[in-house]
Amino acid sequence: MAALLKRLHHISLHVSNAEKIANDLVSKFKFNLFAARLTDRSRQLAFRKGAAVFVVNERPSEGRAGLNDGLQQLHDAHGSHKHGKSLGCLYDVSAHHPVDTVNNVCFEVEDVQRSFEALLRLGCRFLVPPTTVEDHNGAVTYSVVKSVVGNVCHTVIEKADYRGEFLPGFEVIQRGITEEEDVACPVTHFDHVAYACPRRSSHQVMRWYEEAFGFQRFFIDSNEDIDEGFVVNQDGVGLRLTAMEYWKCSKAGITLPSVDEKEPDCKFVIAESLPEQGRNQVDTFLEQHRSPGIQHIGLYTKNIVSTAHAMAEDGVLFFSPPPAYYAEVGKRQEMEDAGHNPQMLAQHGILLDTDLHRDVLPQRASCQNRRYLLQVFTKPIFAEDTFFLELIERRGATGFGEGNIRALWRSVQAYMDNESGNSQEGTVKTVQS
């Protein structure tokens, strides 16, 4: 029996310079630093925007002074932070990965011990056995299991009886603050997580998540082949995408009073390259990340135009599709029918796709009733061309912009090819986000 998931709790990054990533998350991506755990052996910083929580982990390198000095610059004197002595990462494992990485998706479960026993029977490898951490607000139990995707692992956490604002061991920096909606940048939750995987590995990954966590197949396109997935194999893009989603306990036929049906679901996408079109960004990720892993995370926003504008104003760089994308008569009409100005979308490289395959309404349905989504990729946020973020706004559409995939991924590929050319010429590359 699979371990039954309640919700996605947080996603962890492991980086060599937590201060830089922290500053980027706060100043550029508009996340709030709300909790921290600082010890002699590690630094863990928690950032939140809506229901989306990132935990940035850093191990101090030997001889590095002032590891935590920069933390005070991220908030206005919220008090001192005690430095513990012996413990490394809590709710995770110290990632001895050669480059910066996003490698832990933490799920909340009803019973960690039961989940541990179920996964153990399936032959899963555990990096941390069930472990309990407590403070004056109560206790939390967690365990960490290794996935079949490169360096990706999953913390399963049980915290139904914990009354604190985050997790034991973390000091809350912004205590008791009810976060008001950021009108200019209304990001609310994680929409999806995308894995970059080797060729012909999608079925193995799908099977593992189905058996371990009860994931179900999500068809990106209504005409998608059940074995082949959603395939784009032309115009310089050779890509296979397969999607899956986790079912909350109550959807699996087990009703739990603590499961919130309004809690947003997060889908998972497996991307692998196809050889016919040559190397692409999946191959680049596997090479520079040095293993399969999390390539990008989709951030759901209620207003992508406003969000992209606010982030761009503070230095976030976005991929742009070829200019011809916005000049196509059919695409311009599609944007205008949805109530969007093509020039406004082009300013930040935002793409729009109408969900025709799932739309049961007639072609001339009003723009208010048409289902569509808008999306844009940021440029990589690490020094390597590996991990990036996506902004996505859904207006009833549930897919991933099937009509945009060629343009979206070609824009990424053009950037990768340009960076590769610069590298071969001996140019020192500086990636900004």
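Tutor: Begin with Ser-115, which lies in helix H2 (residues 112-121). Helices (H or I, at least four residues) and strands (E, at least two) are DSSP runs, numbered from the N terminus. This is a predicted model, in which local features need pLDDT of at least 70 and side-chain atom pairs count only at pLDDT 80 or more, while totals for chains, interfaces and linings use all residues. Residues are numbered from 1 along each chain as its sequence is written, and side-chain values use heavy atoms, with hydrogens and water left out.

Student: Why is Ser-115 called buried?

Tutor: Buried means under 20% relative accessible area, exposed over 50%, partly exposed in between (1.4 Å probe, protein chains only). Ser-115 has a relative accessible area of 5%, so Ser-115 is buried.

Student: Which residues does Ser-115 touch, not counting those up to four places away in sequence?

Tutor: Ser-115 touches Ala-3 and Val-109. Contact means heavy atoms within 4.5 Å.

Student: Which residues of helix H1 are buried?

Tutor: In H1 (residues 18-28), they are Ala-18, Ile-21, Ala-22, Asp-24, Leu-25 and Lys-28. The buried residues of H1 pack against strands E1 (5-14), E3 (43-49) and E4 (52-58), and against helix H5 (304-313).

Student: What makes Tyr-209 and Phe-215 an aromatic pair that is tilted?

Tutor: A search of the whole structure finds 26 aromatic pairs. In this one, Tyr-209 and Phe-215 are 5.1 Å apart centre to centre, with 45° between the planes. Rings of Phe, Tyr and Trp (its six-membered ring) pair if their centres lie within 6.5 Å; planes under 30 degrees apart count as stacked, over 60 as edge-to-face and the rest as tilted. Tyr-209 has 0% relative accessibility and therefore counts as buried. Phe-215, with a relative accessible area of 3%, is buried as well.

Student: What makes the pair of Phe-218 and Phe-400 edge-to-face?

Tutor: The planes of Phe-218 and Phe-400 are at 90°, and the centres are 6.0 Å apart.

Student: What is meant by a nonpolar core?

Tutor: A nonpolar core is a set of buried Ala, Val, Leu, Ile, Met, Phe, Trp, Tyr and Cys residues joined through side-chain atoms within 4.5 Å. The largest has 79 residues, and Tyr-195, Tyr-209, Phe-213, Phe-268 and Ile-297 have the most contacts inside it. Helix H3 (residues 202-213) gives the most to this core, with 6 residues. A second, separate core of 20 residues includes Ala-46, Leu-90, Val-133 and Tyr-142.

Student: How many disulfides does the structure hold?

Tutor: The structure holds 0 disulfides. Cys-153 is in none, and the nearest cysteine sulfur, that of Cys-106, is 9.8 Å away. A disulfide is a pair of cysteine sulfur atoms within 2.5 Å. Cys-153 counts as buried because its relative accessibility is 1%.
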